[in-house]
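Please keep the sequence and the three-dimensional view at hand while reading.

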Amino acid sequence: MFPYDDKLLAALEATPQSVDDVIRTMQAIDAICSDGDGLKWFNWLYLGVTRAVGARVAAGGFQDPAWMAVLDVQFAELYFGALGSALSGGAPPECWQVLWERRDWVALGRIQFALAGINAHINHDLPIAIVRTGAAPVRGDAHYEDYTSLNSTLSSLVDTAKTTLHVRLLGDLLPPVSHLEDALAAFSVTAAREAAWNQAEILWMLHERPELSARTLSTLDGMTALIGKTLLAPVV
C-alpha cells in the first residue's frame, strides 16, 4: 500500500527480547512511516505507552517488574506479528486488518487510527499476551495490581492523544461536531483493560480445550473488528 512497506517488514525481522528492543522497533516504524500513514499514529501512541512502561520497569516501580517486562514484550509481539503478516500477504486477525486496509484513508482523523489500534491491541491481543506470560491471571494478586496500576498513566496518554491527534490524517482540521466526538467520549482504556483481564482468565481456563479456545478467540476477533470499523468511519 505504501512504497516503504518492504522497509517496515525488514524492521520487524528481529524478535524483541526486552522492552528496549520493543522500543527500538517502534522507533524504526515511526521513522519509516509518513504522516499520511494511519499506522504511524497508532504506533506513535503505543511508543509513548511503551516508554512509560519501560521507565517504570527500570525504576523498579512494580511489585514484579520482570513479569511486567515479559507482558510488555509478549504484547508488542502480537502487534508486530499482525503487521508483519499483513505486509507479507498473510492473514492477520480481522480486527487488525480493518486498520491496515484503511491506512491511507485521508478522510479519517489521526486519533481514529490511534484508537482503532488500541481497540485491536487491548480487546484482542492483550488477553493472549497475559496468558503467554505463563502465569495464571488471578484477580487481586500482585500481577493484577501491577497491571491495573498502569491504568491512570495510560488513560492520561490517551487523553493527550485525543487532543494532539484531533486532525485528519494529512493534518487538516476535523469538523467540530461529528460521530467521532461520541466515540472519543465513550472510549475508556481502563474499562478495556479490565475486560481484557477477564478474557485472559477465560482463556487460561480453556487451556485444555483448544477447540473452544479457538472459537472464543475467533468471536473476540470478530467483535473487536466490528468496533474497529465503527471507530474508522469517515468523518464528514
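## Packing of α6 against α10

Which residues in α6 meet which residues in α10? In this predicted model, the α6 side of the contact consists of I122, N123, L126, P127, I128, I130 and V131, and these meet V189, A192, R193, A196, W197, Q199, A200, L203 and W204 in α10. By class, the residues of this contact divide into 13 nonpolar, 2 polar and 1 charged.

The axes of α6 and α10 lie 8 Å apart, and the two helices pack at an angle of about 45°. The two helices are therefore oblique to each other, and the crossing in which α6 passes α10 is right-handed.

## Packing of α6 against α11

With α11, α6 packs at an angle of about 170°, the axes being 9 Å apart. Because of this angle, α6 is roughly antiparallel to α11.

On the α6 side, the residues that meet α11 are Q112, L115, A116, N119, A120, N123, H124, P127 and I128, while α11 contributes L217, L220, D221, T224, I227, G228 and L231. The contact of α6 with α11 has 9 nonpolar, 6 polar and 1 charged residues. N123, P127 and I128 are among the α6 residues that meet α11, and N123, P127 and I128 are also among those that meet α10.

## Packing of α6 against α9

The axes of α6 and α9 cross at roughly 40° and come within 11 Å, which means that α6 is oblique to α9. Here α6 passes its partner α9 in a left-handed crossing, whereas its crossing with α10 is right-handed.

In this contact, I111, Q112 and L115 in α6 meet H179, L180 and L184 in α9, and by class the residues are 4 nonpolar and 2 polar, with no charged residues. Q112 and L115 are also included in the set of α6 residues that meet α11.

## The largest pocket

The largest pocket has a volume of about 200 Å³. At least two residues of its lining come from each of α6 (110–132), α9 (179–186), α10 (189–205) and α11 (210–231), so that the pocket brings together the helices described above.The lining is made up of N119, N123, H179, A183, A186, F187, S188, A191, A192, I227, T230 and L231. Of these lining residues, 7 are nonpolar and 5 are polar, and none is charged. Several of them also take part in the helix contacts: N119, N123, I227 and L231 are included in the contact of α6 with α11, A192 is included in the contact of α6 with α10, and H179 is one of the α9 residues that meet α6.

## The largest cavity

The count of cavities of 30 Å³ or more comes to 1, and the largest cavity holds about 290 Å³ of space. Its lining receives two or more residues from each of α3 (38–58), α4 (65–87), α6, α8 (151–164) and α10, and α3 gives the most, with 6 residues.

In total, 19 residues line the largest cavity, and those that lie nearest its centre are Y46, V49, F75, L154 and R193. By class, the lining of this cavity has 15 nonpolar, 2 polar and 2 charged residues. R193, which is one of the residues nearest the centre of the cavity, is also among the α10 residues that meet α6.

Key: Residues numbered from 1 in each chain as written. Predicted model: local features only at pLDDT ≥ 70, side-chain atom pairs only at ≥ 80, totals over all residues. Heavy atoms only, no water. 1 Å grid on protein atoms, 1.4 Å probe; cavity = no way out; pocket = protein on both sides within 12 Å on 5 of 7 lines; lining within 4 Å. Points joined across faces, edges and corners; volume = space filled by probe spheres on them. Helix = DSSP H or I, 4+ residues; strand = E, 2+ residues; numbered from the N terminus. Nonpolar A, V, L, I, M, F, W, Y, C, P; charged D, E, K, R; others polar. Axes fitted to C-alpha atoms, helices over the stretch in contact; angles between N-to-C directions. Parallel < 35°, antiparallel > 145°, perpendicular 65-115°, else oblique. Left-handed = near helix turned anticlockwise from the far one by under 90°. Contact = heavy atoms within 4.5 Å.
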